[in-house]
Amino acid sequence: MPAIVALPQVVEDLVRQCGDAFPNEPARIHFAEYVTGLIVAEHKTVSGIAREFADAPDQSCLNRFLTESPWDPERLNQQRLEWLQADPTTRYRQDGVIAIDNTLIDHDGKLIEDVGYYWDHAEHRHVIAHDYLFANYVNPSGKHYPLDFRRFRKREQCEDAHPFASHTDLVKGHDRLGCGRGHPGQFHVRQLFHQRTGHEPYPAPRPGVYWRPEV
């Protein structure tokens, strides 16, 4: 049975804050539907999200919004981060932490762009997945949220337009992620990898070493 009959308040607040990142009202509506589906839907695909609404959006329209609509994801992300600075429990602080998290996102199909076979340390098996590095900001209040991400490509998937970068190179590149305008001068940086296994596949930062995000 359809479960979604109204937008959550947090999504309505997000649209009010960031709606001008989209060219028109239909795009704002599709954005609100998509974000709501990511929060609520069991299957977080375009078809799975559309099925969850009592007044279901047209699946093809939602798909075109994601693939063809002329909106800038980087601008939207920057507006989201600026919005979070209004709350002292999520605002950037000098003693905040950027945690670099390596995550595998499982997939069923082998033809999805950049998927590959990866060893999952938590499941102790190879999986077909995307391999992401997320930069997450952790406020001393305990609240945390993503800043940005990089997707790892295996060497054989790379080309001149997308040269190969190792996991270590991508981790080092996180000094340019996310923080944007208004962040403090520097953050402690720590790495959080596969907590359940205790594996530490990348060198931990030396005590007293900081990365300074670029404005």
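**Entry 1: the start of α2**

Which backbone nitrogen does a side-chain oxygen of Asn 24 reach at the start of α2? I looked there and found that the oxygen comes to within 2.9 Å of the backbone nitrogen of Ala 27. I note that this is a predicted model, in which local features need pLDDT of at least 70 and side-chain atom pairs count only at pLDDT 80 or more, while totals for chains, interfaces and linings use all residues. Residues are numbered from 1 along each chain as its sequence is written, and side-chain values use heavy atoms, with hydrogens and water left out.

**Entry 2: the whole chain**

I listed six helices and five strands in the protein, where helices (H or I, at least four residues) and strands (E, at least two) are DSSP runs numbered from the N terminus. Along the sequence I read their order as α-α-α-α-α-β-β-β-β-α-β. Of the 215 residues in the protein, 39% are buried, where buried means under 20% relative accessible area, exposed over 50%, and partly exposed in between, with a 1.4 Å probe and protein chains only. I also looked up contacts (heavy atoms within 4.5 Å): of those in the protein with a separation of 6 or more, 62% are between residues 24 or more positions apart.

I checked the length of α2 (residues 25-40): its 16 residues should span 22 Å at 1.5 Å a residue, and its end C-alpha atoms are 22 Å apart, so the two agree. The expected span is 1.5 Å times one less than the number of residues.

The buried residues of α2 are Ala 27, His 30, Phe 31, Ala 32, Glu 33, Val 35, Thr 36 and Gly 37, and they pack against α1 (9-18), α3 (46-51), α4 (59-67) and α5 (73-84).

I then followed α1, whose axis comes within 10 Å of the axis of α2 and crosses it at roughly 145 degrees; axes are lines fitted to C-alpha atoms, for helices over the stretch in contact, and angles run from 0 to 180 degrees between N-to-C directions. From α1, Val 10, Val 11, Leu 14 and Val 15 meet Arg 28, Phe 31, Ala 32, Val 35, Thr 36 and Ile 39 of α2. I sorted the residues of this contact into eight nonpolar, one polar and one charged, with Ala, Val, Leu, Ile, Met, Phe, Trp, Tyr, Cys and Pro counting as nonpolar, Asp, Glu, Lys and Arg as charged, and the others, Gly among them, as polar.

**Entry 3: two residues of β1**

Is Asn 102 buried or exposed? Asn 102, in strand β1 (residues 97-106), counts as buried because its relative accessibility is 8%. Its side chain joins that of Asp 131 in a polar contact of 2.7 Å, and a polar atom of the Asn 102 side chain lies 3.0 Å from the backbone oxygen of Tyr 132. A polar contact is a pair of N or O atoms within 3.5 Å; within protein, one must be able to donate a hydrogen and the other to accept it, and residues adjacent in sequence count only if both atoms are side-chain atoms.

Ile 105 is also placed in β1, but counts as partly exposed because its relative accessibility is 33%. Leaving aside neighbours within four places in sequence, I found Ile 105 in contact with Ile 128, Ala 129, His 130 and Tyr 132.

**Entry 4: a loop residue**

I ended at Lys 143, in the loop between β3 (125-138) and β4 (144-152). Lys 143 and Thr 90 are 53 residues apart in sequence, yet their C-alpha atoms are 6.2 Å apart in space. The side chain of Lys 143 also makes a polar contact of 3.2 Å with the side chain of Thr 89.
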